[in-house]
Structures are given as structure tokens and as C-alpha cells.
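Hi there,

As promised, I am handing over the structure we talked about. Have a look at it first, and then read on for what turned up.

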Amino acid sequence: MNMKGSSMNTHMGNIVINNEVIAQYAGSVAVECFGIVGMAGINVKDGLVRLLKMDSMTRGINVSVKNNKLTLDFHVIVAYGVSISAVADNLISNVKYKVEEFTGINIEKINIYVDGVRVID
């Protein structure tokens, strides 16, 4: 079953959060994390990885829901010279805390795909 959103029940009715909203929020948290330059978009035609602009960064994030739990996939570009594992740990803990607080939905898994590296001036 492929849902475009995540839903939860309240005493009055249902709340449905569009996955795009979750992706946008998660992306804004992620880009504030140390060592993350931004989300990555891969051009299918030429295979080149490019940095997604703020308004299209959700294309670098995939949100899926199973058994009322979220799985988030991030395609990121990291800063050159940082420790990727430290950056990933930081991103995971920030995103997990803030997205769970924002949505009220538990995150089961966060997968990080490092698709590129950039030197930051």
C-alpha cells in the first residue's frame, strides 16, 4: 500500500501529513547540520550529481511509512574534509528528534546516501 501521507487518529478524527511536508521539514533540519552542504539530485540522463536548491531539495529525500513508522532516505552532499560518520550521526540524531517532535510519528530508520562532496569556501 503506497500512501502519499502519514496519518494518525485523534479523539475527533484523523490527521494526515503529506509526505512532502515531512520531507521538506526533514530537509530543512538536515541542511542546518554541521558538514551537510545540501541535498543531492542525480541527473538520470548524464549521471551527474548536483546540489539541489532549497525549493527542490525534497527530491533528495524519500519518505516512506510502514506500520505507522517513518523511514527517511537522505541523498546528501557533504563538506570536504569532515568525518562522514560524525556528520551522519549528527544528522540522524537531529532529524530523528525534530521530525518526531514535529509529526508525532516515530522514525524507524534513517538511511543516508553520500552522493557527493564539496569544498566549502
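Of the 121 residues in the chain, 36% are buried. Please keep in mind that this is a predicted model. The accessible surface of the chain is about 7600 Å², and carbon and sulfur atoms contribute 52% of that area.

On to the fold. The chain has two helices and seven strands, and along the sequence they come in the order β-β-α-β-β-β-β-α-β. With a radius of gyration of 15 Å, close to the 14 Å that the globule rule gives for 121 residues, the chain is therefore as compact as a globular protein of that length. Along the principal axes, a box of roughly 50 × 30 × 20 Å holds the C-alpha atoms.

How much of the contacts in the chain with a separation of 6 or more comes from residues 24 or more positions apart? The share is 64%.

Strand β1 covers residues 5-9 and strand β2 covers residues 14-18; the two pair in the antiparallel sense, with five bridges between them. Together β1 and β2 make a hairpin, with four residues between the strands.

Last, the charges: the chain carries 11 positive and 11 negative ones, and their mean positions lie 6 Å apart.

Enjoy exploring, and write back with any questions.

Best wishes

Terms used:
Residues are numbered from 1 along each chain as its sequence is written. This is a predicted model: local features need pLDDT of at least 70, side-chain atom pairs count only at pLDDT 80 or more; totals for chains, interfaces and linings use all residues. Side-chain values use heavy atoms; hydrogens and water are left out. The radius of gyration is taken over C-alpha atoms; the globule rule is 2.2 Å times the number of residues to the power 0.38. Buried means under 20% relative accessible area, exposed over 50%, partly exposed in between (1.4 Å probe, protein chains only). Contact means heavy atoms within 4.5 Å. Accessible areas come from the Shrake-Rupley method with a 1.4 Å probe; for residues, only the protein chains shown count as cover. Lys and Arg count as positive and Asp and Glu as negative; His and the chain ends are not counted. The place of a charge is taken as NZ of Lys, CZ of Arg, CG of Asp or CD of Glu. Two strands pair if DSSP finds at least two bridges between them.
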